[in-house]
Amino acid sequence: MIAYVVGKLEEINSGSIVVETGGVGYEILTYSDVIKRLPPLHSDVKIITYMEVKEDDIRLFGFLTGYEKSLFKQLISVNGVGPKGALSILDELGPDNLCASIMANDYKAISKSNGIGPKTAQKIILELRDKISLEGTIFESVSADTDNDSSSAAVSDAAQALCALGYSNTAALKAIRKVEGAENMSTEELIVAALKYI
């Protein structure tokens, strides 16, 4: 199996890239958030890959972090979600918003992805809710150094995380205020609870 490809970024297309190494150009399927974070053409890159092997086809799917690959593998572990569906979900939501949607039981957000219906979205939430890792997401970065006994710090950090996900500061604080027992919650717990009110 090909775990990663290191080489020159030779092509950037909609939904795929080409990385040349050792005189071979590898076409790697990926999603918009990865493409946005790539260096300029002809730069050196390291793309972490997942290889799908079928009887009549071999495809590489590419990511910039191990966390993204792990999330992709968790998605395709759900019955009814193939690699194309997993890429579609990541393309629609990105890793942070996908984690937020799973934690908030927001199957409607997931079902907006191309080829993913409400039933499949609900299955994703059901199967991944207890498996999802916050490592590598905005939730980890804002909660890493927070003192759980400090409610004001937890509220501030939770609001920052929600803003980073695209919600306005006003909407974030309104949602946080609706959470019962917010003063006794950690940042992570507060984020999860507040998402239900947005």
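Visitor: Leaving aside neighbours within four places in sequence, what is A109 in contact with?
Guide: A109 is in contact with E92, L93 and S101, where contact means heavy atoms within 4.5 Å. This is a predicted model, in which local features need pLDDT of at least 70 and side-chain atom pairs count only at pLDDT 80 or more, while totals for chains, interfaces and linings use all residues. Residues are numbered from 1 along each chain as its sequence is written, and side-chain values use heavy atoms, with hydrogens and water left out.

Visitor: Where is A109 found?
Guide: A109 is in helix 4, residues 107-110. Helices (H or I, at least four residues) and strands (E, at least two) are DSSP runs, numbered from the N terminus.

Visitor: Is A109 buried or exposed?
Guide: A109 has a relative accessible area of 13%, so it counts as buried. Buried means under 20% relative accessible area, exposed means over 50%, and partly exposed lies in between (1.4 Å probe, protein chains only).

Visitor: And what separates the C-alpha atoms of A109 and N97?
Guide: A distance of 9.0 Å separates them, and the two residues are 12 apart along the chain.

Visitor: Zooming out, how many helices and strands does the chain have?
Guide: The chain has 9 helices and 5 strands. Along the sequence the pattern reads β-β-β-α-β-β-α-α-α-α-α-α-α-α.

Visitor: How do strand 2 and strand 3 run?
Guide: Strand 2 (residues 16-21) and strand 3 (residues 24-29) run antiparallel, joined by 6 bridges. Two strands pair if DSSP finds at least two bridges between them. V18 has E27 in strand 3 as its bridge partner. The hairpin of these strands has 2 residues between them, and G22 there takes a positive phi near 60°.

Visitor: What about strand 3 and strand 5, parallel or antiparallel?
Guide: Strand 3 pairs with strand 5 (residues 57-63) in the parallel sense, over 2 bridges. There, L29 has F61 in strand 5 as its bridge partner.

Visitor: Which residue other than glycine has a positive phi near 70°?
Guide: H42 has that value. H42 sits in the loop between helix 1 (32-36) and strand 4.

Visitor: New topic. How many disulfides are there?
Guide: A search of the whole structure finds 0 disulfides, a disulfide being a pair of cysteine sulfur atoms within 2.5 Å.

Visitor: So is C99 buried or exposed?
Guide: C99 is buried, at a relative accessible area of 0%. C163, at 29% relative accessibility, is partly exposed.

Visitor: Which residues of helix 2 are buried?
Guide: In helix 2 (residues 66-76), the buried ones are Y67, E68, K69, L71, F72, Q74 and L75.

Visitor: What do the buried residues of helix 2 pack against?
Guide: They pack against helix 1, strand 4, strand 5, helix 3 (83-103) and helix 5 (118-128).

Visitor: And how many residues of helix 9 are buried?
Guide: Helix 9 (residues 187-195) is mostly covered, with 7 of its 9 residues buried. Among them are T187, L190 and I191.

Visitor: What share of the whole chain is buried?
Guide: Buried residues make up 43% of the 198 residues in the chain. As for contacts with a separation of 6 or more, 51% of those in the chain are between residues 24 or more positions apart.
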